Amino acid sequence: MNSGTNMMALRKAALDMLAALPPPEQPPFSGFRIELRDYLSPSGRVAGVPKTLVLDIVDLLIRDSSRFGPGAALVSGLLDHFELEDARSFHEVLFKSVWEEFRRCALYEGAPADFRVKVGTISDGAIPVELYGSKWSFKKFHADRDALLFSHLYGPVSGFIGGELRLIDIYNYMSRRSLRFDDVFEWSDEPTDGCKPVLRSSHSESAVAECGTNVGPMGPDQIIFVNNLPGAAVLHGATPVVITDPAIFHREYHRCSVKDLRLC
């Protein structure tokens, strides 16, 4: 079994189990928004990442038998503290701090060398087609194949409409309806090794209505974190981007993610 197939098998097995589990008691994505002003002073340079911010983000991300958060965290208010480049630097430091605490709380075993944190900036409309099958990042609702945890900070963004980020708590949806993987998902068709679980179109409308949230068009004021462990069952996707002014079109996002090198 190759590495891509290995992670695909883990995701399929974890999602298959949801049919037999009770649905969460709280509504999907309840209380997943965090305001940065509650943690940082509005003036002066930020010397570091407040531990309380890290702990509160992780508390929202964890989904296990002892704590069951929304599986996502939306941090807002960056423009009160940072220009874009400084926001990206803060994002990277924050992500690495969140990952270490998240791994400890989620009891995800492994030595530090078993994991790779990847940081980079992605430009929509210019993604290598030979690697990802499309030059655009927005897709149907899906879970990323390799990432265990990921986070995005968007910007610059201009010259388009659409591109609204949407999330689905598919754990809630599948457990409520006693649905299994093959009822709900198909595999993405990509040129790279391995595929992503993609929500079938026949379930998109009902899953969004029952267990989804529309975060809206993301920009440099917000950071989104998503728990992408196989059993977390949080899907993400975006509405199509329509370019309104090609001369100024930008849709970039700073992405931080972590993968288990033993599986990838």
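This is a predicted model: local features need pLDDT of at least 70, side-chain atom pairs count only at pLDDT 80 or more; totals for chains, interfaces and linings use all residues.
Trainee: Which residues of helix α2 are buried?

Mentor: The general idea comes first. An α-helix has 3.6 residues a turn, so residues three or four places apart point the same way. In α2, which spans residues 51-61, the buried residues are L53, V54, I57, V58, L60 and L61. Viewed down the axis of α2, these fall within an arc of 160 degrees, so they line one face of the helix.

Trainee: What do the buried residues of α2 pack against?

Mentor: They pack against several elements, including α3 (84-106), β2 (72-76) and β10 (222-227).

Trainee: How many residues of β10 are buried?

Mentor: In a regular strand the side chains alternate between the two faces of the sheet. Both faces of β10 are covered: Q222, I224 and V226 are buried on one side, and I223, F225 and N227 on the other. Six of the six residues are buried, so β10 is largely enclosed by the rest of the structure.

Trainee: In which sense does β10 pair with β2?

Mentor: Strands of a sheet pair through backbone hydrogen bonds, either parallel or antiparallel. β2 and β10 are antiparallel, with five bridges, and S76 stands opposite Q222. β4 also pairs with β10 in the antiparallel sense over five bridges; there S151 has F225 as its bridge partner.

Definitions and conventions. Residues are numbered from 1 along each chain as its sequence is written. Side-chain values use heavy atoms; hydrogens and water are left out. Buried means under 20% relative accessible area, exposed over 50%, partly exposed in between (1.4 Å probe, protein chains only). Helices (H or I, at least four residues) and strands (E, at least two) are DSSP runs, numbered from the N terminus. The arc is that of the directions from the helix axis to the C-beta atoms. Contact means heavy atoms within 4.5 Å. Two strands pair if DSSP finds at least two bridges between them.
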